[in-house]
Amino acid sequence: MTIRNYDIAELRRLDVAHHLPAQTNYAQMRDAGGSRIITRAEGCFIHDGDGNAILDGMAGLWCVQVGYGREELAKAAYEQMCELPYYNTFFKTASPPTVMLATKVSQLLGGHFSHVFFNSSGSEAVDTVVRLARYYWQCKGQPQRNIIISRVNGYHGSTIAGASLGGMKAMHAQGGPWVPGFEHVMQPYLFGEGFGEDPSTFGERAADAVEQRILELGPENVAAFIGEPVQGAGGVIIPPQTYWPRVEAICRKYGVLLVCDEVICGFGRLGQWFGFQHFGVQPDLVSMAKGLSSGYLPISAVGVADHVVETLREAGADFVHGYTYYGHPTCAAVALKNIEIIEREDLVTRVREDTGPYLARGLAELASHQTVGEVRSLGLIGAVEIVARKGTNQRFGGAEGKAGPMIRDLCVKNGLMVRAVRDSLVMSPPLVISHGEIDQLLGVIRRSLDEAEPVLRADETAAAA
């Protein structure tokens with residue numbers, strides 16, 4: 001690999017002058033003199049232009065399952081680009097890797113999923129879910145069934161439809177009015193909304209909120225319920241085991257489509273190919289992205305149950321939906337090779353039986369820290385809740401969002417990329433992470449907690465005075 005010699009100072013200047021990064025406070029970016037410039041990556045580490053090696057505890061953005069620097073994926077892209085770099089699927093055409101990838105994904109989904117609709121991003125996959133769910137009911141002669149229920153603090157993308165469907169308050173505060181026809185119910189967040197409650201009872205209570213809302217709206221008006229098996233961007237909210245089976249039973253009771261948004265949880269993250277398989281439910285639609293190609297090229301998909309496909313076929317009309325890059329042959333070729341690597345290295349089993357439990361044991365030791373209220377993980381996704389007083393869910397400063405960003409910044413300074421969601425440190429490392437790298441990840445978090453605690457305590461004392 002050739003390491004290029006970039007002018008980092010000039011790139012940072014140009015970053016401020018011309019580039020608007022995603023989900024960024026642009027005043028802070030300007031005042032900081034630009035973004036951290038990431039120049040290369042290998043394995044589980046990213047390298048910035050200042051010479052720092054940073055353990056990537058977020059696998060990019062929940063997506064780099066097989067780690068960085070996989071030449072097989074670059075070669076797959078190169079070979080496909082030489083043969084057929086791009087063609088669309090609008091004109092009754094398809095490319096070989098697109099068809100082969102649809103076949104492979106349907107096999108991994110199992111059950112009644114034999115068809116796949118491709119897109120380029122998770123947000124587009126969610127938009128496709130919305131279109132499919134509503135069109136399905138139109139085809140069934142029930143067009144009034146167009147309301148889709150999701151959860152408060154659920155994340156389903158950044159398009160207008162995805163942000164409307166999701167339950168992120170910060171997103172809803174910007175750029176409205178929003179798309180109508182979406183309703184939100186409580187999230188299964190035990191630490192935040194059922195602190196001290198029996199987990200099984202809380203899981204049932206959170207699921208029952210779905211039934212209550214269906215009844216309030218009228219089952220004849222509800223098209224679908226959507227949820228992430230584990231809420232990722234919401235703070236790694238892992239529902240009690242009672243939650244998903246009860247939600248599925250409620251959807252079946254009222255004939256409501258069940259949708260699992262697997263954009264983060266899919267492709268081994270939870271120790272199964274898909275999160276719904278871990279929780280033992282059978283959805284009707286499944287959105288996926290990120291780990292499908294390990295982020296090497298943008299591609300997403302929606303798994304569509306057979307009964308939905310049959311309804312679309314019986315309608316005998318075009319489904320007037322699709323994208324220029326639907327089933328992009330180069331992206332599909334890379335995704336196929338990525339899945340081949342995951343299978344060959346048995347990464348899903350490794351997460352379930354080895355590295356996932358190893359991370360859980362390490363987090364359990366971290367739970368003894370005086371600022372840690374709870375740790376939780378499933379497979380290779382986890383969170384550390386920061387609290388002001390042990391044994392409570394009280395936050396520093398009396399409100400969420402003070403401690404988390406401070407400790408996140410310390411983690412990055414100390415060589416670990418993690419994310420702060422309110423006062424939770426969340427992590428989602430590459431599936432190829434080693435035990436030693438997990439030890440390093442946990443060690444940096446502990447060190448950063450130690451560094452932050454006296455500052456947070458001093459601020460509390462000053463505020464009380």
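Where does helix 15 (residues 347–366) bend, and which proline follows within four residues?

1. Helix 15 bends by about 40° at Thr 355, and Pro 357 is the proline that follows within four residues; the bend at a residue is taken here as the angle between axes fitted to the seven residues ending there and the seven starting there. Helices (H or I, at least four residues) and strands (E, at least two) are DSSP runs, numbered from the N terminus. The model is a predicted one, in which local features need pLDDT of at least 70 and side-chain atom pairs count only at pLDDT 80 or more, whereas totals for chains, interfaces and linings use all residues. Residues are numbered from 1 along each chain as its sequence is written, and side-chain values use heavy atoms, with hydrogens and water left out.

2. Thr 355, the residue at the bend, is itself one of the buried residues of helix 15, a list that also includes Leu 347, Val 351, Gly 356, Leu 359 and Leu 366. Buried means under 20% relative accessible area, exposed over 50%, and partly exposed in between (1.4 Å probe, protein chains only). The cover over these buried residues includes helix 14 (329–344), strand 11 (372–377), strand 12 (382–386), strand 15 (424–427) and helix 17 (435–464), where contact means heavy atoms within 4.5 Å.

3. A search of the whole structure finds 27 salt bridges, each being a side-chain nitrogen of Lys or Arg within 4 Å of a carboxyl oxygen of Asp or Glu. In one of them Arg 344 pairs with Glu 72, and the closest N and O atoms are 2.7 Å apart. Since Arg 344 lies in helix 14 and Glu 72 in helix 4 (residues 71–83), the pair ties together parts that are 272 residues apart in sequence. Arg 344 is partly exposed at 46% relative accessibility, and Glu 72 is likewise partly exposed, at 30%.

4. Lys 253 is exposed, with a relative accessible area of 57%, whereas Glu 211 counts as buried at 17%. Within helix 11, Glu 248 and Arg 252 also meet in a salt bridge, at 3.9 Å, N to O; being 4 residues apart, these two are separated by about one helical turn. Glu 248 is buried at 16%, and Arg 252 is partly exposed at 38%.

5. A network of salt bridges links Glu 374, Arg 376, Glu 385, Arg 395, Glu 400 and Arg 422. Arg 422 deserves a look at its backbone as well, with phi near 55°, a positive value in a residue other than glycine. Arg 422 lies in the loop between strand 14 (419–421) and strand 15 and counts as partly exposed, at 25% relative accessibility.

6. Two other backbone features may be checked alongside it. Most residues other than glycine have a negative phi, and most peptide bonds are trans. Gln 23 has a phi near 45°, again positive in a residue other than glycine; Gln 23 lies in the loop between helix 1 and helix 2 (26–31) and is exposed at 62%. The peptide bond from Gly 176 to Pro 177 is cis, with omega near 5°, and Pro 177 lies in the loop between helix 8 (169–172) and strand 6 (182–185).

7. The structure holds 0 disulfides, a disulfide being a pair of cysteine sulfur atoms within 2.5 Å. For Cys 251, the closest cysteine sulfur is that of Cys 260, 9.2 Å away and too far for a bond; for Cys 331, the closest is that of Cys 63, at 13 Å, which is also too far. Cys 251 is buried at 0% relative accessible area, and Cys 331 is buried at 7%.

8. Phe 319 sits in the loop between helix 13 (306–315) and helix 14 and is partly exposed, with a relative accessible area of 21%. Leaving aside residues up to four places away in sequence, Phe 319 touches Phe 117, Arg 131, Leu 132 and Tyr 135. The C-alpha atoms of Phe 319 and Leu 132 are separated by 8.6 Å, although these residues are 187 residues apart along the chain.
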